[in-house]
Amino acid sequence: MTDPLLEVDGLTVDYLTDAADVRAVNQVSFTVDPGEFLAIVGESGCGKSTLLFAVAQLLSPPGEIVAGKVIFRGHDMVRLGRGELQSMRWRDYSIVMQSAMNALNPMKSIGAQFKDTLEAHGNVSKADIGRRSTEVMELVGIDPAHLHSYPHQLSGGMRQRAMIAMALLFTPQLVIMDEPTSALDVVAQQSLMTKIKDLQQNLGFAVIFVTHDMSVVHRYSDRVLVMYAGQIAEAARTEEVFERPLHPYTRGLMSAFPSVRGPRRELIGIPGSPPDLARPPTGCLFHPRCPDVMPACLGREPELYPVGDAEVRCLLYAEQARKAS
Amino acid sequence: MAEERNPRTSSDPAASSGSEPVLRAADLTKHFRLGGMFSKQVLHAVDDLNITIAEREIVALVGESGSGKSTVARLLARIYTPTRGEIYYRGRPLRSLRSRKDLLWYRGEVAIVLQDPFSAFHPVFPISHGVMRNLALHRPELSGPERRREAERVCETVGLGPKMLDRYPYEMSGGERQRIGFAQALAVRPKLILADEPVSMLDVSIRVGVLNMMAGLRDQEGVSLLYITHDLASARYVADRIVVMYAGHMVEEGPTETVLSSPKHPYTQLLLSAAAEPSEKEAEIAADSGEPPRVINPSEGCRFRWRCPYAIEKCEQVTPRPTPIGATQVACHVAVAEAERASNPASVS
């Protein structure tokens, strides 16, 4: 086994508001191996985007990392200074945001933005800039002629591709993606995902991919973290999760999707709505919506219990985990 | 879920002619002029669309962004007036509705639910405001306390407690707001609800609840629905019939199961291949970049031909018209020719 590329340990993020401190990410730990495709799923407000921002050291007030470590290639990024982070950003890890529309500079051509990025990390000649820009555009499947185009001249799918091209300028080891396909139509979504997976396999970078779409998770990821209310509800290899979802929330997520080809059956989804994190419920955070709720769930906070290779935060598995250990 | 239903269950006196559907649009067309006064750029949002919605029927209108599906909802709700073509509500042409009273009547019969539940409500009023106002406007015969009772009843119909009415929009989740959108529409006792992507902004765990509610409205309240979506799987889950649009044209139409089990139009096939199943790992994925269609001053011919793997010469010259193949209608030269060959192998031209 190689050392993990990224190691997140006990990461906790609070949003400090006047009324109450909201714990958006609560004691999250995970690792990413080189070349691995890790998916983080959960519904809106579960803290998945905050987690990404915390990992990338992009949180701004009122969000604050109050505990935990983010160790990337041997450095604890939480403790690094601005300058050190700046030299690592984009060269060692890069980020593709949900909406490329808002992430690209509308006043500059795509090529000029690539040039800025390349120049920010060292002296590169004009010829090198042109060569590398053309290369990455070809990688993501856009005609390099579009280097002269402005973001508004590109379609949504092409803008997202341009964003990904920019993220690959230095061939980083880690690319963080925050729902890069959710603003696109189904067909464009599929084609972009296939491209991302191809690139990932050919160039060997690791991906942390945030989404709420279980079908994307299943098709493309190696491992999944299911998040609920700022905590990891379940962490396992993708096949395992789909063969044998352990947490009642994961099971709910899986059965919330109608199928296009399978038998037509009534779906239930997950009744209720996610908890207000300023006033979290007692015990297990999922108990108000849980179909398998037990009396103990109201009082006792579940830990992450190991079940085989997987980990699950549910009291149903507490006994089993205790016996195994 | 999609069995044959008795088409005449309503006792509405407005239902005049015998077999007339609730709503029928004939050659519905909407063009928008772009640019300045002398600009010749015309955006063809919807062209020659024929669509019917029967009693107690959920029709899904499916297509990607820019296909004109939201324009259709606005045309049917009479927010836009059509450039050409006519909409008949129970046989009565909408062009004949001129007075405020007529329009109010129509808005009471056909209600619309908007896509974004976060911007559809007035932030400073409790959500009872919209529901009560609809009741005051469309059902003036109700007294104050009756209105309140009726508002509570529609709230319960959509699965919310009566206490919800006194809440403000910011106190509610997206799913709750979307239900209030439906409650507001239901308050006027519509015969038809036009729902423009009602679940696309909602979380997956809540989506199914809203879809089930829509099916319940059809089954219990006898409401017809036009369900506009880009998600084939959810269309299949609730809809009796499906209409696929591409670049302002209807490309395929028919009973949901028939269309999805054997799609005839290459665009429907593409959509279906892109719709991933959570349960299947590998599926063959069409090499299509998903570029949106061009509909500004479009020339004659099939609008899908640039993306179509089967395009023939005829596709560039003649715009395909919807042609019946079995229970479905398909606007595709290749599919129609193939169907003809299959049914009549002797007369190959």
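## Exercises on a sheet and a helix pair

Helix H6 (residues 156–167) of chain A lies across S6 and strand S7 (174–178) of chain A, and runs at about 170° to S6(A). This is a predicted model, in which local features need pLDDT of at least 70 and side-chain atom pairs count only at pLDDT 80 or more, while totals for chains, interfaces and linings use all residues. Residues are numbered from 1 along each chain as its sequence is written, with chains lettered from A and ligands numbered from 1 in the order in which they are written.

**Exercise 1.** Find the order of the eight strands in the open sheet of chain A, and name its edge strands.

*Solution.* Begin with the order, which is S6-S7-S8-S3-S9-S10-S12-S11, with mixed pairing (two strands pair if DSSP finds at least two bridges between them; strands are DSSP runs of E, at least two residues, and helices runs of H or I, at least four, numbered from the N terminus). The edge strands, each pairing on one side only, are S6 (93–96) and S11 (305–307) of chain A.

**Exercise 2.** Describe how helix H5 (residues 174–187) and helix H6 (residues 204–221) of chain B are placed against each other.

*Solution.* Their axes, which are lines fitted to C-alpha atoms over the stretch in contact, with angles from 0 to 180 degrees between N-to-C directions, come within 10 Å and cross at roughly 15°. H5(B) and H6(B) are therefore roughly parallel, a term for angles under 35 degrees. Finally, list the contact residues (C-beta atoms, placed from the backbone, within 7 Å): among them are B:Gln178 and B:Phe182 of H5(B) and B:Val210 and B:Met213 of H6(B).

Conventions. Contact = placed C-beta atoms within 7 Å. Parallel < 35°, antiparallel > 145°, perpendicular 65-115°, else oblique.
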